[in-house]
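The sequence and structure come first.

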Amino acid sequence: MEFSKIIHTRYSCRNFKDSMLKEQDLEFILEAGRLAPSSLGLEPWIFYVVQDSKKKQEIANIANHQSHVEHCGAIIIIVSRLDFGEYFESKLRERNLKEEELQKRLKLYKPFIDGMHEERKLSYAREQAHLALMNMANAATSCNLASCIVGGFDNRALDKYLGLSSKEKSAVMLVVGESKDSTIPEKIRNSKTEVIRFQ
Ligand SMILES: Cc1cc2nc3c(=O)[nH]c(=O)nc-3n(C[C@H](O)[C@H](O)[C@H](O)COP(=O)(O)O)c2cc1C
């Protein structure tokens, strides 16, 4: 599917069939998330995939009883990792940089990472989560699937439900499935003159 069509036809669907996603579609969507860019290449995320009906219902309860969270093909929960300070160096070493370049980057970025307090770490990791999120939403559209980004949920309750460690926090969800809608709602957006300023 052309990218122009993807951005014009992606919309937040709230009316899904319960049918499961095809395995290759789910794989493609997750791969789009995995390949998303991230600051310093930290990839501070884990994608939890939920397809079981009972679990979808339980998660919908945590998400303010939003019925499209219960009735969809799959829920993909992006969990933010806060332990990136611990793996930054080893991840950097995977790039096979010259030792001198590696040391330069460590010197430059390690203090930035180590200087973050827990709240800043979370907001930094959550920013990255939204890049993976959008890649996945567009990937779903390209597979002719509908999706809805869901941020309206009780984070603490979801973290507990997933059994996350203190270094992992749920950031946002993407619910995906086949749409029951016969038409796509018109896009309501601010005008170009409101949102774009050429300087
Ligand atoms: C961070 C974020 C959180 C959102 N949370 C919810 C949500 O909890 N439930 C929901 O139905 N839609 C949610 N949405 C969808 C927005 O309402 C929707 O993207 C917006 O109204 C624009 O409509 P469109 O996606 O159809 O173009 C969320 C979107 C974003 C980006």
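A polar contact is here a pair of N or O atoms within 3.5 Å. The model is predicted, and the distances below are computed from it.

Arg 10 has a polar side-chain atom 3.0 Å from an oxygen atom of the ligand. For His 68, the distance from a polar side-chain atom to an oxygen atom of the ligand is 2.9 Å. Gly 151 takes part through its backbone: one of its polar backbone atoms lies 2.9 Å from a nitrogen atom of the ligand. On its own the ligand has 620 Å² of accessible area, and the protein covers 62% of this.

## The shell around the ligand

The shell consists of 13 residues, of which Ser 12, Gln 66, Gly 151, Lys 187 and Arg 189 come nearest to the ligand. By class, four residues of the shell are nonpolar, five are polar and four are charged.

Which element gives the largest share of the shell? That share comes from strand 3 (residues 146–150), with three residues.

## Helix 3 and helix 8

Helix 3 spans residues 53–62 and helix 8 spans residues 155–162. Their axes come within 9 Å and cross at roughly 155°. Angles over 145 degrees count as roughly antiparallel, so helix 3 is roughly antiparallel to helix 8.

On the side of helix 3, the contact is made by Lys 55, Glu 58, Ile 59 and Ile 62; helix 8 supplies Ala 157, Leu 158 and Tyr 161. Five residues of this contact are nonpolar, two are charged and none is polar.

## Overall layout

The protein has nine helices and four strands. Read from the N terminus, the order of the elements is α-α-β-α-α-β-α-α-α-β-α-β-α.

Taken along the principal axes, the box filled by the C-alpha atoms of the protein is roughly 60 × 45 × 35 Å.

Note on methods. Residues are numbered from 1 along each chain as its sequence is written. This is a predicted model: local features need pLDDT of at least 70, side-chain atom pairs count only at pLDDT 80 or more; totals for chains, interfaces and linings use all residues. Side-chain values use heavy atoms; hydrogens and water are left out. A residue is near a molecule or strand if one of its heavy atoms lies within 4 Å of it. A polar contact is a pair of N or O atoms within 3.5 Å; within protein, one must be able to donate a hydrogen and the other to accept it, and residues adjacent in sequence count only if both atoms are side-chain atoms. Accessible areas come from the Shrake-Rupley method with a 1.4 Å probe; for residues, only the protein chains shown count as cover. Helices (H or I, at least four residues) and strands (E, at least two) are DSSP runs, numbered from the N terminus. Ala, Val, Leu, Ile, Met, Phe, Trp, Tyr, Cys and Pro count as nonpolar, Asp, Glu, Lys and Arg as charged, and the others, Gly among them, as polar. Axes are lines fitted to C-alpha atoms, for helices over the stretch in contact, and angles run from 0 to 180 degrees between N-to-C directions. Angles under 35 degrees count as roughly parallel, over 145 as roughly antiparallel, 65 to 115 as roughly perpendicular and the rest as oblique. Contact means heavy atoms within 4.5 Å.
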